[in-house]
Amino acid sequence: YQNNISNSYVGVGITIQANLDDGGVQSGFMVNEVSAGGSAMDAGVEAGYILVAVDGEDVRTMTVTEVKKLVVGDPGTTVELTFQLPDGSEQTMKMERRAMTVIPARGELLENGVGYIKIDNFDGGCFQAVQEQVESLRAQGATALLFDVRNNPGGLKSELTDLLDYLLPEGVIFHTINYAGDEDIILSDESCVEMPMAVLVNANSYSAAEYFACALQEYGAGVVVGEQTFGKGYYQVGLNLSDGSCVNLSIGKYFTPQGESLIDVGVSPDVEVLLDDEQALQLASGKLAHEDDPQMQAALDALLK
């Protein structure tokens, strides 16, 4: 959990997303990723576990912000998290809160000349991290770029729009309308990155992550590979209350560069490739090798045609 817009935070090292049952009712928070160096990894937490309680307090119907307030604390203190495991049983684990640093993006040059960039979130520092990776990979000889926003929970609009401005040519890159009817349109300048691009997405590509993929798709700048994304299209503002709690209030809708809403629709990939359950868990745990990743291989095929 991030406690501000920097990349430093105190927590246990998990990334979560609201888990909805078949009826669309929230039933806890699914662990999408377990960070190396965090106490959650030391305790044996795995992607796919569902967080249902913190220090004995049921969190199934809380917001992410409310859960965050229960989990964060001073480094060195402990917190007990209760998870529902894939077999339906529950397990409570005691974990130490640690000061951690998250790098929003990392990259590598693949043997075929494709620069691969994994974007973990769109929190503070994302744009700078991705820009540095793009420039580094180009200097190493990359001839195409593959962005991976699978299991990315989104983040800050400013990081998203700065990155889109950097990558895309002149035009609309973000459009909002609040409930009072006020519109705001953010434009990109003519400077852009002129390289073949592709984006990997899955059902856990959320908010800014799916918008990023959609923008590249609508501009014809990148092919989208994977599976249908989550489908979020509302934006919120956080209100701090006198008792120290916070309320996230939805205040409007956002639209893609072509004016489409992603609400309950998401982004349809240009090339649909599904992972099986085992592959999806390996991906979330960072254990799915590139050569065993059918979505990545399909994206590489699309880029290298």
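This is a short walk through the structure, one selection at a time.

Before you start, know that this is a predicted model, in which local features need pLDDT of at least 70, side-chain atom pairs count only at pLDDT 80 or more, and totals for chains, interfaces and linings use all residues. Residues are numbered from 1 along each chain as its sequence is written, and side-chain values use heavy atoms, with hydrogens and water left out.

**Stop 1: the largest nonpolar core**

Select Ile119, Phe122, Phe147, Leu167, Phe212 and Leu216. These residues touch the most other members of the largest nonpolar core, which has 40 residues. A nonpolar core is a set of buried Ala, Val, Leu, Ile, Met, Phe, Trp, Tyr and Cys residues joined through side-chain atoms within 4.5 Å. Buried means under 20% relative accessible area, while exposed means over 50% and partly exposed is in between (1.4 Å probe, protein chains only).

Now colour the elements that give two or more residues to this core: β10 (114-119), α3 (126-139), β11 (144-148), α4 (157-167), β12 (171-178), β14 (197-201) and α5 (208-218). Helices (H or I, at least four residues) and strands (E, at least two) are DSSP runs, numbered from the N terminus. With eight residues, α5 supplies the largest share of this core.

Zoom in on Leu167. Leaving aside residues up to four places away in sequence, Leu167 touches Phe147, Cys192, Val193, Met197, Phe212 and Leu216; contact here means heavy atoms within 4.5 Å. Another core, of 21 residues, lies apart from the largest one, and its members include Val54, Leu81, Leu85 and Met95.

**Stop 2: a residue of helix α5**

Which helix holds Cys214? Cys214 is found in α5, and with a relative accessible area of 5% it is buried. Show Thr256, Leu262 and Val267 too: Cys214 touches these residues, not counting residues up to four places away in sequence. Then draw a distance to Met93, 121 residues apart from Cys214 along the chain; their C-alpha atoms are separated by 39 Å.

**Stop 3: the loop between β11 and α4**

Select Arg150, which is found in the loop between β11 and α4. Is Arg150 buried or exposed? Arg150 is buried, because its relative accessible area is 1%. Its side chain makes a polar contact with the side chain of Asp293 (2.8 Å). A polar contact is a pair of N or O atoms within 3.5 Å; within protein, one must be able to donate a hydrogen and the other to accept it, and residues adjacent in sequence count only if both atoms are side-chain atoms. Among the other residues that Arg150 touches are Lys118, Leu200, Asn202 and Gln295.

Asn151 lies in this loop between β11 and α4 as well. Asn151 has a positive phi of about 60° although it is not a glycine, and at 6% relative accessibility Asn151 counts as buried.

**Stop 4: the loop between β14 and α5**

Move to Ser207, in the loop between β14 and α5. Ser207 is not a glycine, yet it has a positive phi of about 60°. At 12% relative accessibility, Ser207 counts as buried.
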